[in-house]
Amino acid sequence: MRLTLNQDELDFRSIVDDWVQKNLPDDLRQMARLGEHLTRKEFSRWCAILDSNGWSVPAWPKEYGGTGWSPLRRHLFEEQLLLSGAPRNTSAGIAMLGPILIAFGTQDQKNKYLPSIRRGETFWAQGFSEPGSGSDLASLRTSAIRDGSHFIVNGHKIWTSYAQSSEMMFALVRTNPEAKPQSGISFLLIDMASPGIKVRPIRTLDGGTDLNEVFLDDVRVPVDNLIGEIDRGWDYAKHLLGFERTGIAGVAVSKQQFFRLKRLMSERSISPAFRHKVARTEIDLLGMDALILRTLTENPASRPGPEASMLKIQGTRLRQTIQHLLMELAGPEGLRNAEDPGDYVERDLQWLAANYLDSRKVSIYGGTNEIQANVVAKAVLGL
Amino acid sequence: MDFSLSPDQILFRDSVDRFFNETFTKEDGRDKAVDWQALVDMGLTAAPFPDSMGGTGANTIHLMFVANGIGRTLTTAPFLPCVVMAGHILRDCANVPGIQPLIEALTNGTRKIAFAELSSGSITQTGTSSIVSGEARLVLEGSADVLILASANHDKLVIIEGKAKGVTCSPFTTLDKREAADLIFSNVAVNSIIAEGHQAQQMIARAQRTMKALLCAEACGAMQATLELTLDYVRTRKQFGRPIGSFQALQHRLVDMRIAYDLADTQTRVAIMAVEEADSPTIVRLCAAAHAQVVKAARLIAEEAIQMHGGMGMTEECRAGKFAKRLITLSILLGSEDSAIENFLLSA
Ligand SMILES: Cc1cc2nc3c(=O)[nH]c(=O)nc-3n(C[C@H](O)[C@H](O)[C@H](O)COP(=O)(O)OP(=O)(O)OC[C@H]3O[C@@H](n4cnc5c(N)ncnc54)[C@H](O)[C@@H]3O)c2cc1C
C-alpha cells in the first residue's frame, strides 16, 4: 500500500493533459464545459482526433488499435481526458460491440467492423431492450427466423440510444422460442439502412433526442452477421453487460462535475449549509475514487465480478447527488428551460437543471440500480 | 389544531376538484388562453377579492384547494403569480385610485397582472411622478399586460403598463413550460406610487407569505398525483412475470414516498392555517417548516417516480417526468431546503 501514484503515472497524466490542451477543439471544449447535448457528430469528431494519436479505443488489445495499457492506466486516462475539459469518448461501438467482436467475432467480422469504430466513422446502436423486456431482458421477443442465407427479423426495440444516427445496430433476437428464455437468444449485427427498419425518435425529459424506438418488419439480415454460435447470444451479452457496468460507475464524470461545482462556487457567495453538503459529497467522492483504485490495484489479475454492481449503485448515486447540488447552486436561474432560456440567461448555469434531469438515467440504464442490488444480494452477499 | 373542514369548505373543495378534473384532463397542446378563460369562467380569478370588490371572498384555505388542483392537473394557467401574488397586493391597495379597475380587469380576464421586484436599480420620486430604472429578473408571467413593481428593498410599489415606453421584456419558458420573463426598465415614467415605506413592505411580505404557502399546496397536489400515477404504474407494469409493484424493494420505497407526502401535506395545511389566522406569532416558523418538508418530499417523490417508471420515466411524454419538472420548478421558486431551515432557525 502506498498513498501516491508513482512518478510514471503522474507523468502519464500530464502527457495526456498537454495533448488535450493542444488537440481539443474549442467548440467541443465549450460544449463539454457548459454541459450541452453532444450528438453523434461531435462524438465522431472527437473519436477521430483521439484516434490520430492512437487513443480512441484504449481498452482494446493492441493488435486492433488499442493501447495495451493496464486497467489502472486506462482509468487514469479516461479521468484525465475529462478533467482536462474533453467530452467523454464512449459509444456502444467502442465500449460494447468492440470487446464482443474481439472475444467472439470471426476474423472477417473483426476486419470489417473494428477499424471504422476505432476511427469514429461508424456508429453502433445497442438493440437489447424491448417494450415488454427491460429489467427482464431475457423475455425479449424480437424474432429471427432462418431463411436460406438470411435471418428474417421481426420485432420492436426501444430506448435504443443514437439509433437515428447509427449505421449499424447489434441486437439480441430470439432464434429458438422453444428453449429456456436465456438459451434461445442470438446476437445479430443489423444494418440500419436495411428495408423494413423504422426509427421513431423519443424525446427525453431534459429535451434530449438520443433515444429511439426501432421497428423491425421482415428485415433480412445475412447469416454472416451472426456473432458466435446460434442461440448463444445471451452469454455474449452477459460478457458485454459486465463491460457496461464498470464504465457506468462513472467516477470520471462525477469528478468532472464536482470540479465544475467547485469552479462555479468559487465565483459566487455560498451559504455555509451548502458548503457543508458539498464537503459531505466530496468525502463520498474520495471514497468512490479509492474504491475504484482499490478494485484496480489490489488484485489486478482478477476479472471484474458482481462487485461491479456495487460500484454502479454507489457511483450513480454520487453522480446524481452532484448534479442535484449543481442545480441547487443555480438557484432561481435554474427555472429557465435550457432550450428557451431568454436573452439574459447566465450561460454557465443554463444547462444545470437539464443536466440534473438527464442524470436520472444513470440509475436506470445498463441495468437499473434495483436489479444491480438484486445481483449484489445474491452473488456477493449470498442471500 | 383542528383539521376538519366546514361544510362550506367541503362544498368548495369538491366543486374545485370537479372543475380541475373535468377541465384540465387533456395534457398536450393545451391552449394557455383557453385555460386562463376556464379559470375566469369558474370565478377563480375573483377568488381573493371580497364581495365589495366584485370578488368571491375566498380565504387562504379555499385557495389551498385551488393550488392543489393546479398541481394535481399540471395546469399552466398563471393562477398563483397573477391571482394570488398580484391579486393580494391589489386587494390590499384597493382604495388607491386606479386599482379597482385593475381588480376588475384581472377578475374578468381581460388583463393579466403580474408582480415583479427590482433586482437592481431603483424607483425615484420626482414631484408627482416617478422614474423607474433597473432590472427585474425571472419574473413569472413577466409579459403580463400590467406589472406591479416593487423596489429592491420593497419600500415602494408602482404600477407599470407592460407596454410602457422604456420597458424591455425578454420572455422565456420555465423548466415546466410556464411563461416568465426578464424585464429591463430604462427611465420608465410612472404616475403614482401605490404604497410605500413600512406599509409597502408589510403588504409585500404578507402576499409573499401567502404565495409561498400556496406554492407548497400546489406542490402537494403534484406530489399526490405523482404518487397515484406511480402506484398505478407499478400495479400494471410487469417484469419477470409479475407486477413490479409486487417487489418489496419498491413497495417499501413507495411507503416512504407516502409518508413524505403525508408530512408535507399536513405541514402545508398547518402553514395555510397560520397564514389565514394572520396574527399567529409562529407564522414564519410554521411556513418555514412546511417549506422544508415540501422541498424534501418533492425531491424524493419526483426522483423515485422517474426511477420506478424505468426508461419510460426518462421520456418527455411520461406524466411522471412532467410532474417531476413541475416539482423541481416549485422547489426552485420556494428556495432550497437549507434556506427553509435557515428561516426556521431565524424565527426561533
Ligand atoms: C437514457 C437511456 C438510454 C438507454 N439506452 C439503451 C440502449 O441504447 N439500448 C438498449 O437496449 N437499452 C437502453 N436503455 C434501456 C435500459 O436498459 C432499460 O430502461 C432498463 O433496463 C430498465 O428497463 P425498463 O425501462 O423496461 O424498466 P422496468 O424493467 O419496467 O423497470 C421499472 C422499475 O421496476 C424496477 N424493477 C424491475 N424488476 C425489479 C425487481 N425484480 N426488483 C426490484 N425492482 C424491479 C426497476 O428497477 C425500475 O425501477 C436505455 C435507457 C435509458 C433510460
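Buried area is the accessible area, found with a 1.4 Å probe, that two parts lose on being put together, summed over both. With that term in hand, let us turn to the model shown above. It is a predicted model, in which local features need pLDDT of at least 70 and side-chain atom pairs count only at pLDDT 80 or more, while totals for chains, interfaces and linings use all residues. Residues are numbered from 1 along each chain as its sequence is written, chains are lettered from A and ligands numbered from 1 in the order in which they are written, and side-chain values use heavy atoms, with hydrogens and water left out.

I begin with the interface. Between chain A and chain B, about 3,600 Å² is buried, and carbon and sulfur atoms give 59% of this area. Of the area that chain A buries against chain B, 22% comes from A:L205, A:L335 and A:Y344, more than from any other three residues. Counting contact as heavy atoms within 4.5 Å, 43 residues of chain A and 38 residues of chain B take part.

Which charged pairs join the two chains? A salt bridge here is a side-chain nitrogen of Lys or Arg within 4 Å of a carboxyl oxygen of Asp or Glu. There are five salt bridges between chain A and chain B. One of the pairs is B:E303 with A:R360, whose closest N and O atoms are 3.3 Å apart.

Over all chains, the count of salt bridges comes to 49. In chain A, A:R40 forms one with A:E167, at 3.1 Å between the closest N and O atoms. These two residues are 127 residues apart, A:R40 being in helix 3 and A:E167 in the loop between strand 3 and strand 4 of chain A; helices (H or I, at least four residues) and strands (E, at least two) are DSSP runs, numbered from the N terminus. For exposure, buried means under 20% relative accessible area, exposed over 50%, and partly exposed in between, for a 1.4 Å probe and protein chains only. A:R40 is buried at 15%, whereas A:E167 is partly exposed at 32%.

In chain B, B:R178 and B:E218 form a salt bridge with their closest N and O atoms 3.2 Å apart. Both B:R178 and B:E218 are buried.

Finally, consider strand 1 of chain B, residues 113-117. Four of its five residues are buried, so the strand is largely enclosed by the rest of the structure. Strand 1 pairs with strand 4 of chain B in the parallel sense over five bridges, where pairing requires at least two bridges found by DSSP. Within this pairing, B:A114 stands opposite B:L147.
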